[in-house]
Amino acid sequence: MIRSRIIATGSYVPPKVLTNFDLEKMVDTSDEWITSRSGIRERRIVEKDVATSDLGTQAALRALEMAELSPEDLDFIITGTNSPDMFFPCTGCFIQAKIGATKAAAFDVSAGCTSFIHALSLADKFIKENPSHKVMVLGAEIMSKVTDWADRATCVLFGDGAGAVILVGEEGERGILSTHLHSDGSLWELLYMPGGGSANPSSRETVDKRLHYIKMAGNPLFKVAVRALADVSQEALKYNGLTSEDIDVMIPHQANTRIIEAAAKIINFPMEKVYLNIEKYGNTSSATIPIAMDEMQRGGKLKAGDLMLLCSFGTGVTWGSAVIRW
Ligand code: UT7
């Protein structure tokens, strides 16, 4: 059977570190509050002149180097992002041009923090359709430019970064075993950015009202997120005839350590098998999972045949999972 296998990973975070102690000087917060409520200690923030595609480009080049492929070998570039360079063209087209992937079809996926899993699911379908396709999937975000730095309820949570993977079709047991995607648009008000779109086109008024920044109902979203991560993980295990004991590593979307711990508890999944790096990067939205995957791969923490469970949730509300035999 042909499966879509991840043959390479890459990631990039900007060098500038913003710690909780730095934030104490910007808004009424404390390192103690942020760490105990979210698990975040610091995050990376871009300089003014950096765009999302710049982070994506660095992650893409690192993945290509690991894969020993040239950019012209890629057939698709699918970029998950909620903080694109521009409204249009898509961020994937900027990445395509910057790396010189002349043959690739590039487009973006917007499904909140779940975008990477949605993009992975599409890549799997392209490869199943034509096993010779080589597909790059990215999660790339500059959340710091849509964050309201005067709103302590959100500005402490997010960070910037990008991750990329390259998938090819391969005969055998390794690769993507399943993906499951969900959404409930009736919950959109839990997390959104109202300004700049057709509902509230940019104007002096939208800027004055700070509509170009993230609006979030953190507490209700927390509860939805716990349920979504638990449900989608259970669904993925059941579909593959697996139990949590069979899984070697879970890489969840890194939005809040407490959300992850609560979801793991519901499905009786041991935290020792959950990969966490939220402490260093905060919530980089669709980039959290591919950054974590790259860290694990380059850190020698993954071996061929490992069973990996990815699960995520995000604005929309969306949620999804993937099970991968590494
Ligand atoms: O990728 C998806 C993106 N978003 C998420 O996943 C977020 C999901 N939600 C969460 O992670 C949590 O709800 C938060 C970390 C955002 C907040 O934690 P919480 O335990 O739900 O706190 P809360 O919103 O109920 O706020 C508790 C208190 C409030 O004060 P009062 O009303 O009890 O006096 C807040 O005003 O904490 C206050 N607060 C803060 N205090 C210090 C809110 N933000 C801060 C802050 N520093 N940064």
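Tutor: A pocket is an open set of grid points with protein on both sides within 12 Å along at least five of seven lines. The model considered here is predicted.

Student: What volume does the largest pocket have?

Tutor: The largest pocket has a volume of about 940 Å³. Its lining comprises 32 residues, and those closest to the centre are Asn82, Ser83, Pro84, Ser110 and Met193.

Student: Why does the largest pocket lie between domain 1 and domain 2?

Tutor: It lies between them because domain 1 (2–172) and domain 2 (177–325) both give residues to its lining.

Student: How many residues line the second largest pocket, and what is its volume?

Tutor: The second largest pocket has a volume of about 440 Å³. It is lined by 21 residues, of which Leu157, Met216, Gly218, Phe222 and Asn256 are the closest to its centre.

Student: Which element gives the most to this second lining?

Tutor: Helix H8 (218–239) is one of the elements that each supply at least two residues, and H8 gives the most, with four. Helix H2 (31–38), helix H9 (257–266) and strand E12 (307–314) are also among the elements that each supply at least two.

Student: How do the residues of this lining divide, and what does each domain contribute?

Tutor: The lining of the second largest pocket holds twelve nonpolar, seven polar and two charged residues. At least three residues come from each of domain 1 (2–172) and domain 2 (177–325).

Technical notes
Residues numbered from 1 in each chain as written. Predicted model: local features only at pLDDT ≥ 70, side-chain atom pairs only at ≥ 80, totals over all residues. Heavy atoms only, no water. 1 Å grid on protein atoms, 1.4 Å probe; cavity = no way out; pocket = protein on both sides within 12 Å on 5 of 7 lines; lining within 4 Å. Points joined across faces, edges and corners; volume = space filled by probe spheres on them. Domains from an automatic or database assignment. Nonpolar A, V, L, I, M, F, W, Y, C, P; charged D, E, K, R; others polar.
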